[in-house]
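Student: I would like to go through this model step by step. Could we begin with the overall picture and then turn to individual elements?

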Amino acid sequence: MGKAGAIAYVETQFQLDLLNHYDPKQQIPAVVCTPALEYALLNTQRRSLRPNAVFSDSDAYEASRQTYALTRSLCEEIDRTTCEVFGYTGPVERISTISLFYYMKMFVDHMKVRSSQILSLLEQGGYDTLMVLPSEEVKPEFSIHPYKRGTTSAIAPIMARRLGMEIVQVAPALPAPEYPPQKIIARPEAAPKAVSPCLLIDEKSYESGPVPERWKQETGGDVVNIAEVMKLAAPTAAHFEKGRQLLEALRRNPAVQALCTWQGGSLMEVADPLLACLALSYIPRQVALSETTKAFSAFAPCAMLVSSMGVCVHENARAAGMKSFVYQHGGCAVRENPLLDYVWRFDADYLLSYGPGTSSYFKSWDHGNNIVCGDTVAMPHSVGAQQLRELERKKLSGREQYGLMFISTMQAGDMIFYSHHFSDFWYWDFKRKLVSVLSEKECECAVKVHPHESADAPLKPFMEEQSIDNCEIVAAPLVDCLDKAEAFAVDSFSTCILQLCLTTKPILALAMEEFFRFNPEALELLERRVELCRSEEEFLNRLKSFPEEETFNPDRLHNREFLEAYGLGEDDPTEAAIRFIQKTLSDVGRKPVEQGRI
């Protein structure tokens, strides 16, 4: 190691404030993890460093796929230990490998990317001292999402110790949170009464959408909130006690310890909050559910329609002779999105998808290269998108305030969704270039930010500081903005591209293969409606003159091939869904239970 002095690793504003208090002369450089922190140091004396790019942006997609095998191994070991501790075999065998794979994959990316970034930066910089800044105190909670800000700060000293660096604790480290005991909920003595044919539906779908009321009208049957059924399978004190034993077993497990070691350093303390949530909360509930067949058999034969549920829900429903369905809840099948593609349909019998093109895309997906160990996935069946049909019938009557509106489809996602997001700093740099282009246009412009846009992308203060008069930030839902602009530009493909195609306005889109893999059939249809740019440079250059007279080509603006194939589907998607569910129920007695599965 050289003698470059001290360096601090800063992940939150709280930590930056601590560093400023400790080092008021701002002599210690800071590794900043978000664009917001970099922006906060822009006009200060303190030097800021970005985490070293472990993978180039062009390699990000392939780099993410490399972590699938590691994720699968970790999930399998957690599930094996669970079965040992609970003395149980059955659906619970695949709790992590199936229903939690999405979160576990994010956690593995979290370990791999951040530890590699930190180690690379410390090695190349030749620093001899790391200033350790504690995370702000948070209330303990059971959350399977492993990305609470401040968690990767624990990785920095682990990597620094490996390099023999001196560790200086800037402020006392906070004690590890003690998770509160789980509340024991008494199980109801009997299931809710229901008239057949019954539809069990998750709370989100139960409270909104036309399906429950239409089911009652068209079938004469009842709709039951699955939350009420789940009470029949409430975990007992014995389940939570087994969970505590499971947590200790996972902490001692040599295989788990090995899988949580990266770049020569053990990251078990980083993994511990996730393991605690699994063992003390999620797994006991799933085991209790898998043991309580009466929770579903009381309603059989019936159907279960959910947006997403744990694996034991679907397995238990199947054992009771039920059929389970999941809704496609977004997206447009233009670009491969392995984790979300799987979440849409994990371990259910059927996926009710949007248009027929979406259904075909799922059927052709490479199941032999599945990112999880489940050998079956839901059978896609196209019913259409009810919200798109309703939006189509809505008359666009607002005044066009802007000549051009840019749609931000992403939220900060450097490693959190590493396989299908732009990296944080690349996206921040791109947005600044984009705003610069918009500022030179003669028309009024707008940037429609992502619904989850946060302080991690400090676009608004940047625009205010640059005194950009012809461009403003819009936070309203996109459905309320379709009549507000003369033309649209978008940086990637999500549900928003379907909504934009409902208009007859020019659309410019960025399609970068460095970050994504595209569905060629969908892209071919989309290009008949949308003007595509294949690189950042091409997109920004084209934006300078977009829209222009030739972009108002009626043949392109009125083309609906992509919209019909990948979005709208049936004229009445709700009726189509109910009709398909009814037919499936009527076939239960005449076909093998596994008939609907690929």
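Student: What percentage of the 598 residues of the protein chain count as buried?
Tutor: The figure is 57% of the 598 residues. Please bear in mind that this is a predicted model.

Student: How many helices and strands are there in the protein chain?
Tutor: The protein chain holds 26 helices and 19 strands. As for its contacts with a separation of 6 or more, 77% are between residues 24 or more positions apart.

Student: Now the open sheet of five strands. What is its order?
Tutor: The strands are arranged E3-E2-E1-E4-E5, and the pairing is parallel.

Student: Which strands stand at the edges?
Tutor: Strand E3 (48–49) and strand E5 (166–169) do. Each has a single partner strand, so one side of each lacks a neighbour in the sheet.

Student: How many bridges join E1 to E2?
Tutor: Three bridges link strand E1 (residues 6–10) with strand E2 (residues 30–32), and the two run parallel. In one of these pairings, Ala8 has Ala30 in E2 as its bridge partner.

Student: Which strands does helix H6 lie across?
Tutor: Helix H6 (residues 101–125) lies across E1, E2 and E3, and its direction is at about 160° to E1. Helix H7 (residues 155–162) also packs on the sheet, where it touches E1, strand E4 (129–132) and E5. The direction of H7 makes about 160° with that of E4.

Student: Changing topic: is strand E10 enclosed or open, and why?
Tutor: Strand E10 (residues 302–306) is largely enclosed by the rest of the structure, because five of its five residues are buried. Cys302, Met304 and Val306 point one way from E10, while Ala303 and Leu305 point the other way.

Student: Which strands pair with E10, then?
Tutor: E6 pairs with E10 in the parallel sense over four bridges, and Cys198 has Cys302 in E10 as its bridge partner. Strand E11 (residues 323–327) is likewise joined to E10 by four bridges, running parallel.

Student: Let us look at helix packing. At what angle do H11 and H13 cross?
Tutor: The axes of helix H11 (residues 237–252) and helix H13 (residues 268–291) cross at roughly 145° and come within 9 Å. The crossing is right-handed.

Student: What classes of residue make up that contact of H11 with H13?
Tutor: The contact has 13 nonpolar, two polar and five charged residues. Among them are Phe240, Leu246 and Leu247 in H11, and Leu275, Leu280 and Ile283 in H13.

Student: And H18, which of its residues are buried?
Tutor: In helix H18 (residues 386–393), the buried residues are Gln386, Leu388, Arg389 and Leu391. Their cover includes helix H21 (495–501), helix H25 (561–568) and helix H26 (573–587).

Student: Is Glu38 buried or exposed?
Tutor: Glu38 counts as buried, because its relative accessibility is 14%. Its place is in helix H2 (residues 35–40).

Student: What does Glu38 touch, leaving out residues up to four places away in sequence?
Tutor: Glu38 touches Val32, Ser48, Arg50, Phe425, Trp428 and Arg432.

Student: On to the cysteines. How many disulfides are there?
Tutor: The count comes to zero. Cys471 is in no disulfide, and the nearest cysteine sulfur, that of Cys445, is 5.6 Å away. Cys471 is buried, with a relative accessible area of 7%.

Student: Next, backbone geometry. Which peptide bonds are cis?
Tutor: The bond from Ser196 to Pro197 is cis, with omega near 0°, and so is the bond joining Phe546 and Pro547, where omega is about -5°. Pro197 lies in the loop between E5 and strand E6 (198–201). Pro547 is in the loop between helix H23 (536–543) and helix H24 (554–557).

Student: Which residues other than glycine have a positive phi?
Tutor: Examples include Gln26, with phi near 55°, and Ser467, with phi of about 55°. Gln26 lies in the loop between helix H1 (13–22) and E2. Ser467 is in the loop between helix H20 (459–465) and strand E16 (471–474).

Student: Is Ser467 buried or exposed?
Tutor: Ser467 is exposed, with a relative accessible area of 52%.

Methods
Residues are numbered from 1 along each chain as its sequence is written. This is a predicted model: local features need pLDDT of at least 70, side-chain atom pairs count only at pLDDT 80 or more; totals for chains, interfaces and linings use all residues. Side-chain values use heavy atoms; hydrogens and water are left out. Axes are lines fitted to C-alpha atoms, for helices over the stretch in contact, and angles run from 0 to 180 degrees between N-to-C directions. A crossing is left-handed if the near helix is turned anticlockwise from the far one by less than a right angle, and right-handed if clockwise. Contact means heavy atoms within 4.5 Å. Ala, Val, Leu, Ile, Met, Phe, Trp, Tyr, Cys and Pro count as nonpolar, Asp, Glu, Lys and Arg as charged, and the others, Gly among them, as polar. Buried means under 20% relative accessible area, exposed over 50%, partly exposed in between (1.4 Å probe, protein chains only). A disulfide is a pair of cysteine sulfur atoms within 2.5 Å. Two strands pair if DSSP finds at least two bridges between them.
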